[in-house]
Amino acid sequence: MSRNLKPKPPGQPRHRRASWRWSMLKKPIYLYLTAAILLVWSSAAVAQEAPSSVFSGEAKVVADTIWVLFAASLVFFMNAGFAMLETGLCRSKNAVNLLAKNLIVFGLVSLAYWSVGFGIMFGDGNEFMGTTGFFLGGNDNSPAIGEAYDGVFSALNWAGIPLNAKFFYQLMFAGTAATIVSGAIAERARFVAFFIFSILLTSICYPMVGHWVWGGGFLQKMGFVDFAGSTVVHMVGGWAALVGAALIGPRTARYFEGKSYPIPGHNLSIATLGGLILWLGWFGFNGGSTMAADPAAISHIIVVTNLAGAAGGVAGTLTAWIYFGKPDLTMTINGMLIGLVSITAGCAFVTSGSAVLIGFVGGIAVVFAVDIFDNFKIDDPVGALSVHMVGGFWGTLAVGLFSVGPERFSWYTANSGPASGLFSGGSFEQVGIQLLGLGIVSGFTVLFSYIVWTALKYLSGIRVTLEDEKLGLDLSEHAMEAYPGFLGDEHL
């Protein structure tokens with residue numbers, strides 16, 4: 001308003017100008033007061049009505065669908081996080097290869113999961129696998145739920161959103177499982193081998209495990225609980241990556257004469273950015289698994305997810321500081337990630353205090369896990385095995401230890417969540433169920449991955465030649481460079 005004032009005439013007292021401003025404000029004063037009263041009144045009315053307002057009917061379908069699609073988009077953005085994290089923790093001569101893998105994998109998964117995987121995972125069939133719903137076909141009257149639902153995806157009849165929204169959200173999880181493998185076999189695996197393995201993993205192995213746990217399979221009926229994927233996504237991806245890394249072997253010069261020689265990443269800045277993107281995406285990963293816009297459930301899940309990630313990052317930093325003598329940025333990143341992986345299975349069923357403990361234990365574990373895999377000469381350039389496999393195991397077990405039981409939280413009942421955990425007044429029952437489920441999933445994934453990786457080894461080869469590895473996969477596999485014109489690390 002002051003910019004529109006006329007210049008003060010020569011000799012006019014300063015108080016005259018101030019008085020003129022007040023007169024301009026004074027004229028509509030009653031309008032201002034009336035508007036303020038109406039604003040406060042309406043705000044108070046909203047504040048009184050908000051707690052009792054509940055979405056119903058079409059409005060609930062719209063709200064739930066918007067939330068699920070938004071959460072799925074956050075998870076989709078995690079692809080960028082994985083790409084940045086893996087590329088930054090590896091050498092510059094392999095940057096294009098890693099970026100290409102992280103980009104193409106989601107395209108491959110989209111087609112594989114749409115055509116076969118989603119039907120196996122959630123289609124009606126038996127306790128072992130779904131046998132209907134391929135190519136998103138078959139009867140389906142979503143968003144009808146419960147007894148009103150009539151279709152071939154009965155395992156998802158509790159989610160009152162359209163079928164395409166259900167598929168899109170679950171697709172993001174499938175993509176994550178395949179991406180985990182990329183980092184563990186980085187800098188020496190053939191592009192075509194990863195290409196084929198990703199298709200088979202997300203069209204057969206991952207969907208079958210998902211059917212057992214989420215699709216009405218035998219583990220779900222047994223009482224095994226994994227809310228958002230510590231086992232289904234992270235353990236499956238982790239075990240598949242471990243088998244691949246073991247069969248492909250370590251990078252050249254990584255181990256020599258019984259000693260380990262670390263190969264540093266070329267850009268910790270983008271690795272850190274990748275870690276932060278993953279942290280953000282995890283709010284959709286866990287929060288979206290409600291498949292409904294439930295304010296209480298979503299807010300609780302996001303808070304405990306954040307606390308576990310924070311505790312993991314702090315624990316990883318402190319543990320590395322004590323163990324190695326210096327705070328290690330890569331351990332801070334992986335500590336945060338394992339904290340997020342660890343809380344994924346139980347984020348809807350544990351208190352915030354338990355979430356901090358779960359994340360903190362994960363952050364400690366990741367430092368020693370990296371060292372243990374290194375001692376076994378399992379070369380994992382980005383720490384994917386320590387984060388996803390170890391974190392997935394710990395997080396799934398933590399459900400049996402810390403879940404508070406259905407009487408604590410309103411968003412799940414005795415039929416939709418775990419029994420009280422061992423440290424929450426329960427017994428060993430849920431712990432035993434979780435361990436049994438972990439053993440079954442681990443055994444199946446290892447067997448499947450070994451068969452596929454071995455077949456690829458003899459049919460197409462799974463490792464690049466020594467000359468190609470020294471040159472770098474960017475030039476040998478893609479005939480391009482990520483940083484043309486800059487001196488890279490070709491001699492490492």
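**Burial, contacts and voids in a predicted model**

Student: What makes the pairing of Arg251 with Asp379 a polar contact?

Tutor: The side chains of Arg251 and Asp379 are joined at 2.7 Å, and the rule asks for a pair of N or O atoms within 3.5 Å, one able to donate a hydrogen and the other to accept it. The pair therefore qualifies as a polar contact.

Student: Which residues does Arg251 touch, not counting those up to four places away in sequence?

Tutor: Arg251 touches Arg91, Ala186, Glu187, Arg188, Ile263, Asp379, Pro381, Arg463 and Glu469. Each of these has heavy atoms within 4.5 Å of Arg251, as the word contact requires. Asp379, the polar contact partner at 2.7 Å, is thus one of the residues on that list.

Student: How many disulfides does the rule give?

Tutor: The count comes to 0 disulfides. A disulfide is a covalent bond between the sulfur atoms of two cysteines.

Student: What makes Cys90 and Cys205 buried or exposed?

Tutor: Cys90 has a relative accessible area of 1% and Cys205 one of 0%, and because buried means under 20%, both cysteines are buried. Of the 492 residues of the protein chain, 51% count as buried.

Student: Turning to the voids, why is the largest cavity called a cavity, and how much space lies in it?

Tutor: About 80 Å³ of space lies in the largest cavity, and the name means that a 1.4 Å probe fits there but cannot get out. α3 (57–88), α5, α11 and α13 (384–402) each supply at least two residues of its lining, which divides into 7 nonpolar, 4 polar and 1 charged. Among the lining residues are Phe82, Glu86, Asn334 and His388.

Student: Which elements give two or more residues to the lining of the second largest cavity?

Tutor: The second largest cavity has a volume of about 30 Å³, and the elements in question are α3 and α5, with α3 giving the largest share, 5 residues. Phe82 lines this cavity too, as do Phe106 and Met172, among others. By class the lining has 6 nonpolar, 3 polar and no charged residues.

Student: What makes the largest pocket a pocket, and what is its volume?

Tutor: Its volume is about 970 Å³, and it is called a pocket because the set of points is open, whereas a cavity holds a probe that cannot get out. Of the 40 residues that line it, the closest to its centre are Trp158, Gln220, Phe227, Ser416 and Gly417. The lining has 23 nonpolar, 14 polar and 3 charged residues.

Student: Which element gives the most to the lining of the second largest pocket?

Tutor: α12 does, with 4 residues, and both α11 (329–344) and α12 (352–375) supply at least two. About 620 Å³ of space lies in this pocket, and of its 26 lining residues the closest to the centre are Arg254, Pro262, Thr330, Val370 and Pro381. Pro381 is also one of the residues that Arg251 touches.

Definitions and conventions:
Residues are numbered from 1 along each chain as its sequence is written. This is a predicted model: local features need pLDDT of at least 70, side-chain atom pairs count only at pLDDT 80 or more; totals for chains, interfaces and linings use all residues. Side-chain values use heavy atoms; hydrogens and water are left out. On a 1 Å grid over the protein atoms alone, a cavity is a set of points where a 1.4 Å probe fits but cannot get out, and a pocket is an open set with protein on both sides within 12 Å along at least five of seven lines; lining residues have an atom within 4 Å of a point. Grid points are joined across faces, edges and corners, and a volume is the space filled by probe spheres set on the points. Ala, Val, Leu, Ile, Met, Phe, Trp, Tyr, Cys and Pro count as nonpolar, Asp, Glu, Lys and Arg as charged, and the others, Gly among them, as polar. A disulfide is a pair of cysteine sulfur atoms within 2.5 Å. Buried means under 20% relative accessible area, exposed over 50%, partly exposed in between (1.4 Å probe, protein chains only).
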